[in-house]
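Here is a short report for a reader meeting this structure for the first time. Look through the sequence and the model, then read on.

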Amino acid sequence: MTDFAQIAPQLEGQAIELPSWAFGNSGTRFKVFGSPGTARTVEEKVADAATVHRFTGLAPSVALHIPWDLVDDYAALRRYAEDHGVRLGTINSNTFQDDDYKLGALTHTDAKIRQKAIDHHFECIDVMDATGSRDLKIWLAEGSNYPGQADLRGRQDRLHESLSAIYDRLGEDQRLVLEYKFFEPAFYHTDVPDWGTSYVQVAALGDRAVVCLDTGHHAPGTNIEFIVMQLLRLGRLGSFDFNSRFYADDDLIVGSADPFQLFRILFEVIRGGGYGPANPDGHSDVAFMLDQCHNIEAKIPGQIRSVLNVQEMTARALLVDRAALTVAQEAGDVLGANEIFMDAFSTDVRADLAAWREQRGLPANPMRAYAESGHQQQIEADRIGGTQAGWN
Ligand code: RM4
Ligand code: MN
């Protein structure tokens, strides 16, 4: 059995990007609950992300969503983030809240609407140039509701053309990351429903186009770790949007619904060479990100809990004795191999991680440290007035 001291160095430099939208108010189609202290501006969202990083050492960057996080001066926002100890990360485009896109954006039959959607991505690339971001993440709400409504094949072809125009605009160090989701808001067909379609589309673009795997975007029962393995094998796993779910795209705290699934996913990331400390420029090849909403729980502690869950399951996945596992697998020792795997999953690493944090000047228990810090009371007192940020 591998022990914690052996794997501890591999925890160094782990980075999990936070979504700016996790710090705004969110909700369901039924109600968005406001909560005191919620960020009112992009700057306050960035400051909240920096707070999560200060308490955990795990979240050095924050992803932006355009136009939710529109500001006049992205270079200034970049400096603001750096002054707070974090970086601006992935830029997420948004083609799902404009009336023109009711029947599609990058796939629309009307060339003017397609061009408008492409231009939006060009603007996102301008933002990336100013923020120093590497990744342009595209999730498309496109599809149809009724059989016969749309020409499925024509839409795939138009999607390819639109994505090519966007890809060609990227700088040499930038990547296009295409996210898939099997349904919602379209209920009959979705244009990028699965990893295979995303893979086919990005493979047709070039090496700097990769797939984003959002853990909430599959049918129940899907073996997600198999997809992780395959995308890594193909060299096209670009990033994760981590969250967890009981039913559909629930966007709950990662690792809360099914910690064992998170463990299995992280094991395949490690096995496939997708886990590693950040490169000198602060980026990992497979970017770990959260894509979550905190509808009823407090947002900063919700994000602290999330990054800790990812770290804890990473540590347990690193504990798998892979040499012994290979021996058992090759010997056909079904139960022996399974036991090696389960031994790692069943190992409680919380005390070791607490000590590991203390050695690095971080609080042993970041959740408790945040609760006792008075920070929450402070932001609740300070952030009075204005409109709380949220989905808009
Ligand atoms: C989508 C998708 C995207 C996220 C938006 C807010 O379902 O997961 O990644 O940016 O929601
Ligand atoms: Mn997502």
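Where is the place of Pro185? Pro185 sits in the loop between β6 and β7 (189-190). Strand and helix names come from DSSP runs, numbered from the N terminus: helices are H or I runs of at least four residues, strands are E runs of at least two.

This is a predicted model, in which local features need pLDDT of at least 70, side-chain atom pairs count only at pLDDT 80 or more, and totals for chains, interfaces and linings use all residues. Residues are numbered from 1 along each chain as its sequence is written, chains are lettered from A and ligands numbered from 1 in the order in which they are written, and side-chain values use heavy atoms, with hydrogens and water left out.

**Backbone features**

The peptide bond from Glu184 to Pro185 is cis, with omega near 10°. Glu184 is also found in the loop between β6 and β7. Its phi is positive, about 80°, although Glu184 is not a glycine. Glu184 counts as partly exposed because its relative accessibility is 28%. The cut-offs are these: buried means under 20% relative accessible area, exposed means over 50%, and partly exposed is in between (1.4 Å probe, protein chains only).

A cis bond also runs from Ile66 to Pro67, with omega near 15°. Pro67 belongs to the loop between β2 (61-65) and α3 (74-83).

Asp251 has a positive phi too, about 55°, and is not a glycine. Its place is the loop between β9 (237-242) and α8 (259-271). With a relative accessible area of 11%, Asp251 is buried.

**The manganese site**

Which residues coordinate the manganese ion (ligand 2)? They are Glu179 (OE), Asp214 (OD), Asp241 (OD) and Asp291 (OD), at 2.1 to 2.2 Å. Donors here are N, O and S atoms within 2.8 Å of the metal (3.2 Å for Na, K and Ca); water is not among the atoms, so sites may look incomplete. Along the chain, the donors of the manganese ion follow the spacing E-x34-D-x26-D-x49-D.

Glu179 lies in strand β6 (residues 175-179), and Asp291 lies in the loop between β10 (287-290) and α9 (299-318), so the pair ties together parts that are 112 residues apart in sequence. Glu179 counts as buried, at 3% relative accessibility. Asp291 counts as buried as well, at 11%.

Why is the arrangement around the manganese ion (ligand 2) octahedral? The six donor atoms subtend angles of 73 to 164°. Six donors count as octahedral if opposite donors are over 155 degrees apart and all others between 65 and 115.

**Around ligand 1**

Ligand 1 is surrounded by 13 residues. The closest are His65, Glu179, His217, Asp241 and Asp291. A residue is near a molecule if one of its heavy atoms lies within 4 Å of it. The shell around ligand 1 has four nonpolar, two polar and seven charged residues. In this sorting, Ala, Val, Leu, Ile, Met, Phe, Trp, Tyr, Cys and Pro count as nonpolar, Asp, Glu, Lys and Arg as charged, and the others, Gly among them, as polar.

| Residue | Distance to an oxygen atom of ligand 1 |
|---|---|
| Glu179 | 2.7 Å |
| His217 | 3.2 Å |
| Lys137 | 3.3 Å |

Taken alone, ligand 1 exposes 290 Å², and the protein buries 96% of that. Such areas come from the Shrake-Rupley method with a 1.4 Å probe; for residues, only the protein chains shown count as cover.

**Elsewhere in the chain**

Asp135 is in strand β4 (residues 135-139). It counts as buried, at 3% relative accessibility. The side chain of Asp135 makes a polar contact with that of Arg134, at 3.1 Å.

Trp21 lies in the loop between β1 (16-19) and α2 (42-56). Trp21 is buried, at 6%. Its C-alpha atom is 6.9 Å from that of Gly390, 369 residues apart along the chain.

Val202 is in helix α6 (residues 195-203). Its relative accessible area is 0%, so Val202 is buried.

Methods:
Four donors count as tetrahedral if all angles lie between 85 and 135 degrees; four count as square planar and six as octahedral if opposite donors are over 155 degrees apart and all others between 65 and 115; anything else is irregular. A polar contact is a pair of N or O atoms within 3.5 Å; within protein, one must be able to donate a hydrogen and the other to accept it, and residues adjacent in sequence count only if both atoms are side-chain atoms.
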